[in-house]
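Thanks for coming. I would like to walk you through one structure today, so please have a look at it before I go on.

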Amino acid sequence: MKNFKNLTLLLALALGMVVVSCSKDTAVVDEEQQDTAIGISQDVLEKARSLHFNTFDMQETSFETPNGKIQEGFMMEGDIFMTRDQLMGMELGGDITTKQYRTNNLVSPGVITIIGYTGNNSSGLTSAMQTGLRWAVDNYNALNLTISFQLTFGTNYQNKDMVVYQVAGGAGGSAGFPSAGNPNKFVRINSGLAGYSNNVHEHVIGHEIGHSIGFRHSDYFSRQSCGQNSNEGSAGVGAIHIPGTPTGWDPTSLMNACFSSNEDGEFNSNDITALNYLY
């Protein structure tokens, strides 16, 4: 498999548009927030920092899966959720010897079974979420990558590689990273997306799928999509660049930390270059 370097995916950010974090309904971070998390054990903080996550807003949290089980873990960088075992077992890997993106969190080539959960409860996807999921999956499959998605809808998700379901929260979503060659299983789409277009649903779901197959935020070094100037990793962290894609700020990246209310949900040429390089 090709080495994981950097992803630049679609996000339109224009002056005067509403800007939304991928997991929050506010994009403004108080500059007076302290730069370390409160109540997180030192070993967990040190592990997260060693992987070049920003821990300033790291928090211990939990989510309910569609069958009612509670999944406990840590939320980082707005929409990255990892259990303690996932975080502590994660390594930089590959040929990384300096502060760069990870290379080992990839998905093995093949078909990924993905289900949109439609249970008659608060976890069931809305009609717009189902449409957004279809469109997002179509976008990935249209690229003829070494991975593809086989999409179904229903409630029997236990044997699926990935399940997309609804949770309470502001506009956005959250997901984790792959492990052992498998994609992150649980993709949570927040109920706060209800007032947004199908295209925005497509964008947010495509973004969270991107995390689930191994991508960090493409503007992790600046969070410019949120109108900020902060590094999600420690100061000076760089990213291994994918040839043919921009080396700096790409305002049309799907994997940027924040999104606008006018997204069209489609890949741009840089997105396609990056995905084909990786998969």
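**The cavity and what surrounds it**

The structure holds one cavity of 30 Å³ or more. A word on the term: on a 1 Å grid over the protein atoms alone, a cavity is a set of points where a 1.4 Å probe fits but cannot get out, and lining residues have an atom within 4 Å of a point. Grid points are joined across faces, edges and corners, and a volume is the space filled by probe spheres set on the points.

Before the details, some housekeeping. This is a predicted model, in which local features need pLDDT of at least 70 and side-chain atom pairs count only at pLDDT 80 or more, while totals for chains, interfaces and linings use all residues. Residues are numbered from 1 along each chain as its sequence is written, and side-chain values use heavy atoms, with hydrogens and water left out.

Back to the largest cavity, which has about 40 Å³ of space. Which residues line the largest cavity? They are Ala136, Asn139, Tyr140, Glu202, His203, Gly206, Leu254, Gly265 and Phe267. Helix 3 and helix 4 each supply at least two residues of that lining. Helices (H or I, at least four residues) and strands (E, at least two) are DSSP runs, numbered from the N terminus.

Now the sheet that goes with these helices. Five strands form an open sheet in the order 6-5-7-9-8, with mixed pairing. Its edge strands are strand 6, residues 147-154, and strand 8, residues 173-174, and each pairs on one side only. Two strands pair if DSSP finds at least two bridges between them. In general, strands of a sheet pair through backbone hydrogen bonds, either parallel or antiparallel. Strand 8 and strand 9, the latter being residues 186-190, pair in the antiparallel sense over two bridges. There, Gly173 has Ile189 of strand 9 as its bridge partner.

Helix 3, residues 127-141, lies across strand 5 (110-117), strand 6, strand 7 (162-167) and strand 9, and runs at about 160 degrees to strand 6. Helix 4 lies across strands 5, 6, 7, 8 and 9, at about 155 degrees to strand 9. For those angles, axes are lines fitted to C-alpha atoms, for helices over the stretch in contact, and angles run from 0 to 180 degrees between N-to-C directions. Contact means heavy atoms within 4.5 Å.

Is Thr118 buried, exposed or partly exposed? At 32% relative accessibility, Thr118 is partly exposed; buried means under 20% relative accessible area, exposed over 50%, partly exposed in between, with a 1.4 Å probe and protein chains only. Leaving aside residues up to four places away in sequence, Thr118 touches Gly124, Leu125, Gln130, Phe153, Gly154 and Thr155. The C-alpha atoms of Thr118 and Tyr165 are 7.8 Å apart, although 47 residues separate the two along the chain.

Strand 2 and strand 3, residues 70-76, pair over six bridges. Thr61 has Gly73 of strand 3 as its bridge partner, and Gln59 stands opposite Met75 in strand 3. These two strands form a hairpin with five residues between them, and Gly68 in the turn has a positive phi of about 95 degrees. Strand 3 and strand 4 pair over three bridges, with Ile80 of strand 4 as the bridge partner of Met76. They too form a hairpin, with three residues between them, and Glu77 in the turn has a positive phi of about 55 degrees. Strand 3 is largely enclosed by the rest of the structure, because five of its seven residues are buried.

Last, the disulfide, meaning a pair of cysteine sulfur atoms within 2.5 Å. How many does a search of the whole structure find? It finds one. The disulfide is formed by Cys226 and Cys258, with their sulfur atoms 2.0 Å apart. Cys226 lies in the loop between helix 4 (198-212) and strand 10 (258-260) and Cys258 in strand 10, so the pair ties together parts that are 32 residues apart in sequence. Cys226 is buried at 6% relative accessibility, and Cys258 is buried at 0%.

Terms used. On a 1 Å grid over the protein atoms alone, a cavity is a set of points where a 1.4 Å probe fits but cannot get out, and a pocket is an open set with protein on both sides within 12 Å along at least five of seven lines; lining residues have an atom within 4 Å of a point.
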